[in-house]
Amino acid sequence: MPKLKRDIVKYVRDRAKSRYEKDSECKICGATERLDFHHYYSMTLLLNKWLQDNDLNPQYIQSLRDDFIEEHEPELFEYTVTLCHPHHLALHKVYGKEPPLVTAKKQMRWVQIQREKHGLVS
Ligand SMILES: [Zn+2]
Ligand SMILES: [Zn+2]
């Protein structure tokens with residue numbers, strides 16, 4: 001199988017990112033600078049799982065990506081959070097660079113707990 005020039009998830013990100021609704025402040029501390037957009041469901045893991053489950057060839061990602069995006073709208077656009085860079089790093093320090101999909105709810109709870117610690121009660 002010919003190798004793609006870059007990580008295939010980037011093809012999906014390129015297509016999806018214009019629809020990301022980044023907040024104007026960190027969900028945990030309210031910072032307004034150096035903001036990152038975090039997916040509770042890792043896009044890389046979701047994409048790999050989808051390709052595998054549907055027996056699809058990653059080589060065709062450019063023609064497949066719209067289907068992937070359509071089938072994963074909640075994970076791509078709703079189960080997301082805006083965090084300042086330090087809090088984004090902190091989350092990944094706890095859950096890893098590529099947090100397993102099963103940790104999504106735990107990550108959400110972690111963010112909520114950190115938020116309460118900062119006095120930002122929902
Ligand atoms: Zn923060
Ligand atoms: Zn992240």
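Threonine 82 is located in strand E2 (helices, H or I of at least four residues, and strands, E of at least two, are DSSP runs numbered from the N terminus). The model is predicted, so that local features require pLDDT of at least 70 and side-chain atom pairs pLDDT 80 or more, whereas totals for chains, interfaces and linings use all residues. Residues are numbered from 1 along each chain as its sequence is written, chains are lettered from A and ligands numbered from 1 in the order in which they are written, and side-chain values use heavy atoms, without hydrogens and water.

Threonine 82 is buried, at 2% relative accessibility (buried: under 20% relative accessible area, 1.4 Å probe, protein chains only). A polar atom of its side chain lies 2.8 Å from the backbone nitrogen of aspartate 23. Beyond four places in sequence, the contacts of threonine 82 include Glu21, Asp23, Leu35 and Phe37 (contact: heavy atoms within 4.5 Å).

The zinc ion (ligand 2) is coordinated by His38 (ND1), His88 (NE2) and His92 (NE2) at 2.0 to 2.1 Å (donors: N, O and S atoms within 2.8 Å of the metal, or 3.2 Å for Na, K and Ca; water is not among the atoms, so sites may look incomplete). The donor spacing in sequence is H-x49-H-x3-H. Histidine 88 and histidine 92 both belong to helix H5, 4 residues apart, about one turn of the helix. Histidine 88 is buried, with a relative accessible area of 15%.

The largest nonpolar core comprises 31 residues, and Val12 and Phe68 are among those with the most contacts inside it (a nonpolar core: buried Ala, Val, Leu, Ile, Met, Phe, Trp, Tyr and Cys residues joined through side-chain atoms within 4.5 Å). Helix H2 supplies the largest share of this core, 5 residues.

Definitions and conventions:
Buried means under 20% relative accessible area, exposed over 50%, partly exposed in between (1.4 Å probe, protein chains only). A polar contact is a pair of N or O atoms within 3.5 Å; within protein, one must be able to donate a hydrogen and the other to accept it, and residues adjacent in sequence count only if both atoms are side-chain atoms.
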